[in-house]
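Colleague: I have not worked with this structure before. May we go through a few of its features together?

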Amino acid sequence: MYIIKNAFKSITRSKIRNVLIGIIIVVVATASCIALSIKNAANEVEQSYLDSYNVTAQLSLDRGALRNNAKSSTTTTETFDPKAFMSNVKNVSAENIMIYGVSDYVKSYLLSIQTNMDSTTLTKVSDTVATTNTTGNGGPQMQGRVEFTNASSGDFKVIGYKTLDSMTQFINSTYKITSGSMFSIDSTNNSCVISVELAEKNNLAVGSTLVLNNPNSAAESYTFTVTGIYEDTSTDSEFSMFSGSSNQILTTYTSLNSIATTSNLVESTKLNIQTNATFNLVSADVVDAFTAQLKTKGLSEYYTVTTNLESFNQSIAPLENLSSFATTFLIIVLLIGGSILVILNMLNIRERKYEIGVLRAIGMKKHIVLSQFVIELLMVTSISIILGGVIGSVASVPIANNMLQSEISSQETTQTEVSNNFGGGPSPTNATQGKNTMMRAFGKSANVDYVDKINAVVDVKILLQLGLIGLVLTIVSSSISMIFISRYTPLKILSNRT
Amino acid sequence: MSVFKIEKLCYSYDNGKKLVLDNINYEFEKGKTYAIMGKSGTGKTTLLSLMSGLDVPMSGKILYNDIDISKINENKYRSNHVGVIFQSLNLLPHLTALENVELSMDISDIKIKNKKEHALKILAKVGLDEEKANRRVLRLSGGEQQRVAIARTLSYNPDVILADEPTGNLDAVNEKQVLDIFKDLAKNDNKCVIIVTHSENISNEVDTVYNLEKQILNNN
């Protein structure tokens, strides 16, 4: 008990020195508190964003692998025939997708098939060839086309959806039914919905029928019945111009699959059916396992699994930069603060050498002398840490959000420059999280939904970490006292003084 | 019966090159005052350091109540069994006289209910009233500081009091007063008081004087 009393007396005796030490620790504690709260909040937001993020996977044709394989398998005397080579690449059919979708790593999957068809009775809305991928969360599905044979052209894109979930444009309200209703997903009678532009151009209404032909065989025709007319509400002018959504005819998977089956009877003129699929994975951690599983289920070596994690990484890039900055800042502050405290303690020990000698000479044990010095520093540190914690907790939220905004601005500037210089770069936007855009449909990266706010509040965990920092600083800066007190004998100290 | 015994004590500086104490043998008893005299450099203060456990001999033994002090915990020995009054007093200047005395009691194992009261009583015994007891030691005169140093050693009631030139900086009046305190401690409190000194006044007053000449402790 008397040690605490002595420690308190020593603190009040050397007010200026202890106030100086206190100020340094307050600065260190405030900076540490802010850095820790930023780091903590950034990690929490990142984790919660990742937890809520719908990780999707698509199958893409690995063109690099194909090219390399083609070159290596062609002798110098042979002429490389890409069509023949491509025909050997095993296609991914809708049936394959259904098999792949049955997995512990997959929450659900979105499947659609599509083909291009002609019509002798319909007039297309524009010259744009529809190539939009329309399945999944707007990501580039089946970026490598599955079918390479019978490469046909056609003015109208017919898409058959397996489930209503797959019709993401209707789910996120990019498309809205303005007349009639959506077909039943189980219908097999070639029910369809068409765009308002196509309907107006051809005077079609709900209940009208339209006839589409196989572009490879004009004699092969199929009749569709319009059950609804939709409007594309996308406000992106660039997107509206090139999306080709006007010339889309949306139907059920069953209907289009039935047409494909009929068409397949004649190999030379069969319709070119493309399969679009998006797998909603259970988490980001299972991507590798899912990829390995697909290979074991027979996915061709020329396909790779691509995910939307890149978009996720872009979204959290400012957060990660902020967290990384906070960590570096914390380390620097601790190193500088710790060094200053060590120096101040060295001066303190030099100044109080005589006192140590006297206390040891009258029989005070080494560890008690040391305890007194540690308690003194601990008292000053504790008060300073509390003050630093209070200041830090007030300042952390605004500072964290200002820094995050600055980081986002920096990221946006970089992205804009990339976009301006190379084209196709992500368009920075303040879009709300989860907003889906169709930019991907044109090979353009999606808008980046930056996490633009973190709640860097000081909680119990951070206070505990601050306490730990205070303890470590005390021990480190007291280490000089420990060495001095354990090395010098009282006689040596006192005789030096004499 | 001797409370303190020195047997074949040797000590040298500079790794044995400068021999200071060579084969010293003597005994000290309770209830008596001793003066150790000798010219400068004959090892008086060194002997006191060895006896107080602040230093260790090259060879030989120092026995306290027949126990080699090297076998006793040095902190416990200094804080309970011997009281050392240093030549430079070694009081803590930032503390009051009272706090200096109380601190000694805190460090020792002595069990006293009211330490402050006990400290004031001891300070009064050496001639310092409560007003002076509550002054910082730097605001006391040399003689008063000497009394504080004596009071500090008495606070935990040691058997042996070792004093290094306790009157070196005092005038004749204060020297007499301090010497009277030591004599009183020996006679009335049955302490063994050992004083290292140059003072003829002290040597004339103590029971036994030893001269450290030729590195040998001689009974006068």
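**Features of the predicted model**

Modeller: With 9 C-beta neighbours inside 10 Å, A:Ser173 counts as exposed, because a residue with 12 or fewer such neighbours falls in that class. This is a predicted model.

Colleague: In which loop is A:Ser173 found?

Modeller: The phi of A:Ser173 is near 70°, a positive value in a residue other than glycine. A:Ser173 lies in the loop between helix H6 (168-171) and strand S4 (175-180) of chain A.

Colleague: What percentage of the residues of chain B count as buried?

Modeller: Chain B contains eight helices and ten strands. To count as buried, a residue needs 20 or more other C-beta atoms within 10 Å of its own. Of the 220 residues of chain B, the buried share is 48%.

Colleague: Which elements give two or more residues to the side of chain B that touches chain A?

Modeller: In chain B, 15 residues are in contact with 13 residues of chain A. By class, this side of chain B has four nonpolar, eight polar and three charged residues. The elements that give two or more residues to it are helix H2 (74-81) and helix H3 (97-107) of chain B.

Methods
Residues numbered from 1 in each chain as written. Chains lettered and ligands numbered in written order. Predicted model: local features only at pLDDT ≥ 70, side-chain atom pairs only at ≥ 80, totals over all residues. Contact = placed C-beta atoms within 7 Å. Helix = DSSP H or I, 4+ residues; strand = E, 2+ residues; numbered from the N terminus. Nonpolar A, V, L, I, M, F, W, Y, C, P; charged D, E, K, R; others polar.
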